[in-house]
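I opened my notebook to write down what I looked up, one topic at a time. Come along and check each entry against the picture.

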Amino acid sequence: MNTRFPFADWFRNSSPYINAHRGRTFVILIEGDALSSSRRTQLIQDLALLHTLGVKLVVVFGVRPQVAEALQAAGIEADRHQGRWVVTREILGHLEQQVATLRLRLEASLSQGLPNTPLHGVELSAVSGNLVMAKPLGVRHGVDFLHGGEVRRVRSEAIQGLLSQQAIVVLPPLGYSSTGEVFDLDAAEVAEHAAVALAADKLILLGEGEGLFGEDGELLRQLNPEEAAVMAPPRDDDSELSRHLAAACGAARRGVGRTHLLSWRDRDALLGELFTRDGIGTMITRQGYEQLRKARLEDVGGLLALLGPLEQRGILVARSRERLEHEIDDYVVLERDGMIIGCAALHLSRDAAMGELACVAVHDDYRRGQRGEQLLAEIELRARRAGVERLYALTTHTVHWFIEHGFVSAGLQDLPPMRREAYNSARNSKVLLKSL
């Protein structure tokens, strides 16, 4: 059915994510390029929206392009080693100035409340401070990095206190030492350490790239840290992607629930990643984003939602809630981020040598990706463990799929007696068999 307002459907579908994100802690890195562009206003508005929806925000920002431009204007050429500047006192002065300027701009942007702006009526408190402790990089491979540093400790209790007061915490790429010194830090490293120290639910890294791509050029939606690390650039590569990927993998390995690589150039990336099931960029996580498992009683609602459209089209026999609850132990399901996107069942008969492969279904949006094959393989494994020698299936629409996967045409006489007696001649289903 057509709708006058497509946004309304999107909003309805996003409600599970609104509920899931409320009260969660997100650490978001915004690189300096994004804050120099026309996208800054949009990003600030998106951050404000997340805050109003109950997300606890820690915003880390980068200043590399701003500092590089300031150094060029001053005629200063900084030495670089292993992707980091050798930070002299003079360079540190420019760095501090750019950090202060950008932090003030962020605070000013978060304070907008004019009637013609999306932040009208929203009062945000943006708080920064000496929340990241640092130590010097020191001398490495004979090079003294001077005021270049690395994160020593994130003051997580102080940040948690600010977040509990509904403040947005802003972390610049600077750190402070116990001796009162200021050190230049890598923004991605700050974001990683903050996410780990806060046990954040998400670390979101907004850079130039959309994420990671496979050899076929397709965007990779989900990887674990080990899979992502294989795709990392060489160690001497100091690119933004290299830094972001290292931070994402490091945070995922150290307990951060999900890390996301997104492009700030895509105006919909942040909200699209957080409020749609498939997202926009690349997610790196140790958690199972899509898993095949045994069905549970609480899955019945999801199964009804999956099977209903197929039953209406006559592809599957209608199953009541009561029947599904009674047979739930026969089912396996494919779950994707809380949604049942596929299922199959193995019904055993009194003739233990035969089992019925029933209710093989995959949501229309997820037909690609060999999910039907996954379900079939799991049912065959369960059947063999139960001592089943032959699987049979009854279908009206998908004969070719079953034949392509090892089934052969059979007749009513090949079914177990009880299943033969229950056969619905009005549907005229085809019978197929597969030896295990």
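**Entry 1: two helices side by side**

I began with helix 7 (residues 187-197) and helix 9 (residues 240-253) in this predicted model. Their axes are 9 Å apart, and the helices pack at an angle of about 10°. Angles under 35 degrees count as roughly parallel, so helix 7 is roughly parallel to helix 9.

Which residues of helix 7 meet helix 9? I found Ala 188, Glu 192 and Val 196 on the helix 7 side. Across from them, helix 9 brings Arg 243, His 244, Ala 246, Ala 247, Gly 250 and Ala 251. I sorted the residues of this contact by type and got five nonpolar, two polar and two charged.

**Entry 2: the cores**

In soluble globular proteins, nonpolar side chains tend to be buried together. With that in mind, I looked for the largest nonpolar core, and it has 44 residues. Ile 28, Ile 30 and Leu 50 have the most contacts inside it. Helix 5 (residues 89-110) gives the largest share of this core, seven residues.

Then I went back to Ile 30 and listed what it touches, leaving out residues up to four places away in sequence. My list reads Leu 35, Leu 43, Leu 47, Val 59, Val 60, Phe 61, Gly 62 and Leu 206.

In what order do the strands of the open sheet of eight strands lie? I read it off as 5-10-2-1-13-15-16-14, and the pairing is mixed. Strand 5 (125-127) and strand 14 (222-223) are the edge strands, each pairing on one side only.

Gln 222 stands opposite Met 283 in strand 16.

Next I checked which helices lie against the sheet. Helix 5 lies across strand 2 (56-61), strand 5 and strand 10 (167-171), and it runs at about 145° to strand 2. Helix 6 (residues 156-164) also packs on the sheet, where it touches strand 1 (25-30), strand 2, strand 5 and strand 10. The direction of helix 6 makes about 145° with that of strand 10.

Is strand 19 (residues 339-348) mostly covered or mostly open? It is mostly covered, as nine of its 10 residues are buried.

I found strand 19 paired with strand 18 (residues 331-336) in the antiparallel sense, over six bridges. In this pair, Tyr 331 stands opposite Ala 345. The two strands form a hairpin with two residues between them, and Asp 337 in the turn has a positive phi of about 50°.

Strand 19 also pairs with strand 20 (residues 354-362), again antiparallel and over six bridges. Here the bridge partner of Cys 343 is Ala 361.

**Entry 3: positive phi in two loops**

Leu 146 has a phi of about 55° and lies in the loop between strand 8 (143-144) and strand 9 (149-154). With a relative accessible area of 38%, Leu 146 is partly exposed.

Asn 428 has a phi near 55°, in the loop between helix 15 (417-421) and strand 23 (430-435). Its relative accessible area is 51%, and exposed means over 50%, so Asn 428 is exposed.

Conventions:
Residues numbered from 1 in each chain as written. Predicted model: local features only at pLDDT ≥ 70, side-chain atom pairs only at ≥ 80, totals over all residues. Heavy atoms only, no water. Axes fitted to C-alpha atoms, helices over the stretch in contact; angles between N-to-C directions. Helix = DSSP H or I, 4+ residues; strand = E, 2+ residues; numbered from the N terminus. Parallel < 35°, antiparallel > 145°, perpendicular 65-115°, else oblique. Contact = heavy atoms within 4.5 Å. Nonpolar A, V, L, I, M, F, W, Y, C, P; charged D, E, K, R; others polar. Core = buried A, V, L, I, M, F, W, Y, C linked by side-chain atoms within 4.5 Å. Buried < 20%, exposed > 50% of the residue type's maximum accessible area, 1.4 Å probe, protein only. Pairing = 2+ DSSP bridges.
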